[in-house]
Amino acid sequence: MSVHDQFGEDLALLALGSLQGDERAAVEQHLAGCPSCRRELEQLRGDMSLLALSTAGPKPPARAKERLMSAIANQPRAQRSESPPVPWWAVLGWAAAAAMIIMVALLWQQNQTLEQHVANLSAELKQQQAELANAREVVATLTRPDAVVTVVTANTRPQPQGKAFYLRDQARLVFIASNLPQLPPQKAYELWLIPANGKAPVPAGVFKPDVRGSAAVINPPLPVGVEPKAFAMTIEPEQGSSTPTMPIVMVGAGE
Amino acid sequence: MAQLYDRYSSIVYSVALRVLGDTGAAEDVLQEVFIQLWRNPGLFDSSRGNLAAWLSVIARNRAIDALRKRRPESEIDDIVISVEPDLAGDAERARAMEKVRGTMGVMPSAQRSALEMAYFEGLTHTEIAAKTGEPLGTVKTRIRAGLLQLRKAFQT
């Protein structure tokens, strides 16, 4: 017999429910890790159940059945742990529902991606339109026959030179400069529109030249309709000034 | 359910009656066991033994609990039973009954009464030893030997 013999008697007592306290705990602990003793316990319960047959014979009174049947009519019934076989076609509904859920999830995800894509495209388009409008304005300023073109020069070598293209009625200004001397730290060049009517010079953009001395000012904020007498450049603090600081490094009057 | 009742109510009832000695109390146990089966049909694992044996064990345990006026102690769902004879049919049951009675009849009387005290009266081995004045070890051995003898009777 494969059963651990020292537990044999205790297992019989356990089956009968006579084992208590520490003895019972010890056997149950052993059972947890011993399949052959569990099997023996099941068999002993089977043996024990045979004892019931020794007394079999009396039948319950007929009313007992009626009582039971009316009692179970009012009893909720638990779910069977072994569920009845599911007909194959019943699975179709669930499968369709599951497929639908997956489909919805996929479509939603796809929709999110597309929405993101559209948003990106629309932002890109806006930026390009702005850039194009800007470029058009620049070109218009440069090519309009009524543009006032002013060459702003200095007397040092290599000779710095600037060219201002100005549309008075639209307050548009494109200023391009080259060979500008490098600036001390925290300083910048500032362009001034000097009105013909003798009023104070109007600030027309603060800028710093690149390493080769080139710079450009495109469409600085200007009041409309100022008739220019000249354009001038001074050196100002980086943040710019509202009135020019002397000396004027470059100046030029309209052609 | 009615079919199960017709087939097994006699076993359940007679065990409860033998334990409790009172028809009303036996009927209550009968009622309780079948209601449990109705409410939780999954409790009985049909692959691990036959229903008659399972019902008789549940009925006996409930009847003992009722006799000792204690709360139901054994959880119904941890009772797993392994039993040789198939007791589903009336004829098989009748044959098995004969065999059990025959085996009990040829048992030494001290062994048979130890087994019956443990099974039908729900006495612990300690109580049996105190009642009969026999050593505890002897009582334990008798009980186990009695059960194995019943098993052997069905293995031939």
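Me: Let's start with α1(A): what span should its twelve residues have, and how far apart are its end C-alpha atoms?
Reply: At 1.5 Å a residue, the twelve residues of α1(A) should span 16 Å, and the end C-alpha atoms are 18 Å apart, which agrees. The expected span is 1.5 Å times one less than the number of residues. Helices here are DSSP runs of H or I with at least four residues, strands are runs of E with at least two, and both are numbered from the N terminus.

Me: Anything I should know about the model and the numbering?
Reply: This is a predicted model, in which local features need pLDDT of at least 70 and side-chain atom pairs count only at pLDDT 80 or more, while totals for chains, interfaces and linings use all residues. Residues are numbered from 1 along each chain as its sequence is written, and chains are lettered from A and ligands numbered from 1 in the order in which they are written.

Me: Thanks! Back to α1(A): is it mostly covered or mostly open?
Reply: Mostly covered, as nine of its twelve residues are buried (20 or more other C-beta atoms within 10 Å of a residue's own; 12 or fewer is exposed, in between is partly exposed, and C-beta atoms are placed from the backbone). The buried ones are A:G8, A:E9, A:D10, A:L11, A:A12, A:L13, A:L14, A:A15 and A:L16.

Me: What covers those buried residues of α1(A)?
Reply: Both chains take part: the cover includes α2 and α3 of chain A, together with α5 (109–120), α6 (125–132) and α7 of chain B. Just after α1(A) comes A:G17, with a positive phi of about 80°.

Me: How do α1(A) and α2 of chain A cross?
Reply: Their axes come within 10 Å and cross at roughly 105°, so α1(A) and α2(A) are roughly perpendicular (65 to 115 degrees; under 35 is roughly parallel, over 145 roughly antiparallel, and the rest oblique). Axes are lines fitted to C-alpha atoms, for helices over the stretch in contact, with angles from 0 to 180 degrees between N-to-C directions.

Me: Which residues make that contact between α1(A) and α2(A)?
Reply: From α1(A) come A:F7, A:D10, A:L11 and A:L14, and from α2(A) come A:E23, A:R24, A:V27 and A:H30. A contact is a pair of residues whose C-beta atoms, placed from the backbone, lie within 7 Å. By class, there are four nonpolar, one polar and three charged residues (nonpolar: Ala, Val, Leu, Ile, Met, Phe, Trp, Tyr, Cys and Pro; charged: Asp, Glu, Lys and Arg; polar: the others, Gly among them).

Me: New topic. How many residues of chain A are in contact with chain B?
Reply: 41 residues of chain A meet 53 residues of chain B. On chain A's side, α1 (5–16), α3 (35–53) and α4 (62–73) each supply at least two residues, and α3(A) gives the most, with 13. That side of chain A divides into 18 nonpolar, twelve polar and eleven charged residues.

Me: How does α3(A) sit against α7 of chain B?
Reply: The two axes come within 9 Å and cross at roughly 80°, so α3(A) and α7(B) are also roughly perpendicular to each other. A:Q43, A:L44, A:D47, A:M48 and A:L50 of α3(A) meet B:L147, B:L150 and B:R151 of α7(B). Five of the residues in this contact are nonpolar, one is polar and two are charged.

Me: And B:F154, is it buried or partly exposed?
Reply: B:F154 counts as partly exposed because 16 other C-beta atoms lie within 10 Å. B:F154 lies in helix α7 of chain B, and its C-alpha atom is 7.9 Å from that of B:K99, 55 residues apart along the chain.

Me: What about the largest nonpolar core?
Reply: It has 62 residues, and B:V12 and B:A16 have the most contacts inside it. A nonpolar core is a set of buried Ala, Val, Leu, Ile, Met, Phe, Trp, Tyr and Cys residues joined through C-beta atoms within 7 Å. Leaving out residues up to four places away in sequence, B:A16 touches B:A26, B:V29, B:L30, B:A59 and B:A63. A second, separate core of 21 residues includes A:L173, A:A177, A:W192 and A:M233.

Me: Last one: how many helices and strands are in chain A?
Reply: Five helices and eight strands, in the order α-α-α-α-α-β-β-β-β-β-β-β-β along the sequence. Chain A has 255 residues, and 25% of them are buried.

Methods: Contact = placed C-beta atoms within 7 Å.
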